[in-house]
Amino acid sequence: MRFLILCIINCMLFFSCKKDKGIDNSIPLKNTTPFEIKYAKGFTITNFESYKEIKVISPWPDSKETFHYYLVKKGKKIPSQIKNNIIIKTPIEKVVAMSTTNIPALEYLSVDDRLVGFPNTKFISSKRTKERIDNGFIKDLNNNLDINMELLLDLQPELVIGFSVNGNNKVLNQIEKFKIPVVLDGAWTEQHPLGRAEWIKFIGAFFDKEKEADSIFKSIEINYIKAKEMALKSEEKPIVLSGSMFKDVWNIPGGKSFIAKYLEDANTDYLWKNNKSNGSLQLNFENVLEKGRNAKLWIGAGAFQNKEQMKAQHKGYTYFEAYKNNSIYSYTKQDYSNSGILFYELGPLRPDIILKDIINIAHPELLPNYESFFYKRLD
């Protein structure tokens with residue numbers, strides 16, 4: 001029965017798309033201005049006289065494919081030159097997001113009331129959005145790998161903001177078959193923390209909120225730069241270890257990763273700073289112990305709540321000086337017992353807060369009255 005309903009809806013959508021979409025052959029292709037993108041490498045926005053073009057260049061690591069999205073205001077004719085591409089009518093009134101990292105952007109842009117569906121709503125941390133979930137305004141769509149397609153179609157979203165780890169996503173492909181526009185958010189591939197935050201401009205474009213997105217980002221950028229400049233006032237550069245074990249493998253941020261950039265901008269001496277990887281390194285325990293045993297600080301020790309949890313998982317953690325000296329910090333200050341971890345949700349949009357947290361750990365004398373937001377010391 002479920003399959004029959006989907007087939008009927010699919011056929012209705014197919015035949016409705018055969019009708020005149022209001023295509024205008026007379027609209028010229030005149031480029032007006034590219035939208036300023038300063039740090040992000042994965043997307044561009046170009047404004048034309050009657051539409052906007054968004055290019056997503058890096059939807060997943062090492063992607064060789066570029067995605068083109070064309071945004072046309074509702075009520076306006078569609079230029080004939082773009083009729084065979086992905087066309088999205090703006091501003092979007094009903095959206096489905098697939099990643100918790102989209103939640104803060106929607107809230108900051110004051111369009112979170114347009115979010116109608118999300119997979120695995122239990123992983124959302126925002127109190128504001130959780131209240132809308134509790135009141136029934138946002139429906140749980142099951143999970144990313146097995147979307148409740150009947151419910152999704154019943155919600156009739158005008159846009160799905162998705163992501164892809166490697167380009168293979170059967171669920172997103174299935175959604176596209178029902179003529180629902182799907183766009184890929186590649187913010188997580190950015191190497192610079194401000195590059196990740198700048199993807200709020202990508203989100204804002206679909207809601208005609210470019211000016212608001214630009215203003216929000218500029219404020220975050222100013223705060224980040226001020227914090228970075230403040231960190232340079234300290235003459236001490238404490239040696240820093242990062243990462244934690246998963247089974248028998250220690251995951252360490254690469255020297256060109258966004259985590260390493262945080263540690264650099266906080267004026268610390270990260271042990272793997274000379275590594276050329278922009279992702280995560282997988283090392284054995286002995287290698288990390290040999291290099292990091294005497295590190296003064298251990299910043300980013302997984303999602304542990306205390307040292308006892310660490311010791312219970314791997315006794316080897318106790319061999320490090322940072323463990324012995326109570327100098328281990330994790331991004332678990334915000335309670336996540338009934339949700340996901342706020343650091344993963346809000347952190348990409350607020351790198352300025354993360355940087356100040358790290359500066360407060362490494363150089364507490366620079367921020368005497370500062371209260372950490374994401375990070376806490378493990379006791």
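1. Helix α5, residues 170–177, lies across strands β13 (159–162) and β14. Relative to β14, helix α5 runs at about 145°. The model under discussion is a predicted one.

2. The sheet to which these strands belong is open and is formed by 5 strands. Their order is β10-β9-β8-β13-β14, and the pairing is parallel. Strands of a sheet pair through backbone hydrogen bonds, and the pairing may be either parallel or antiparallel.

3. Which strands stand at the edges of the sheet? They are β10 (139–140) and β14 (182–184), each of which pairs on one side only.

4. Within the sheet, strand β8 (residues 95–97) and strand β9 (residues 115–118) run parallel and are joined by 2 bridges. In this pair, V95 stands opposite L115 of β9.

5. A separate point concerns two helices. Two packed helices are described by the distance between their axes and the angle between them. For helix α9 (residues 258–265) and helix α14 (residues 351–362), the axes come within 9 Å and cross at roughly 55°. Because of this angle, α9 counts as oblique to α14. The crossing of α9 and α14 is right-handed.

6. Which residues make the contact between α9 and α14? From α9 come Y262, L263 and D265, while α14 contributes P351, I354, L355 and I358. By class, this contact of α9 with α14 has 6 nonpolar residues, 1 charged residue and no polar residues.

Definitions and conventions: Residues numbered from 1 in each chain as written. Predicted model: local features only at pLDDT ≥ 70, side-chain atom pairs only at ≥ 80, totals over all residues. Heavy atoms only, no water. Pairing = 2+ DSSP bridges. Helix = DSSP H or I, 4+ residues; strand = E, 2+ residues; numbered from the N terminus. Contact = heavy atoms within 4.5 Å. Axes fitted to C-alpha atoms, helices over the stretch in contact; angles between N-to-C directions. Parallel < 35°, antiparallel > 145°, perpendicular 65-115°, else oblique. Left-handed = near helix turned anticlockwise from the far one by under 90°. Nonpolar A, V, L, I, M, F, W, Y, C, P; charged D, E, K, R; others polar.
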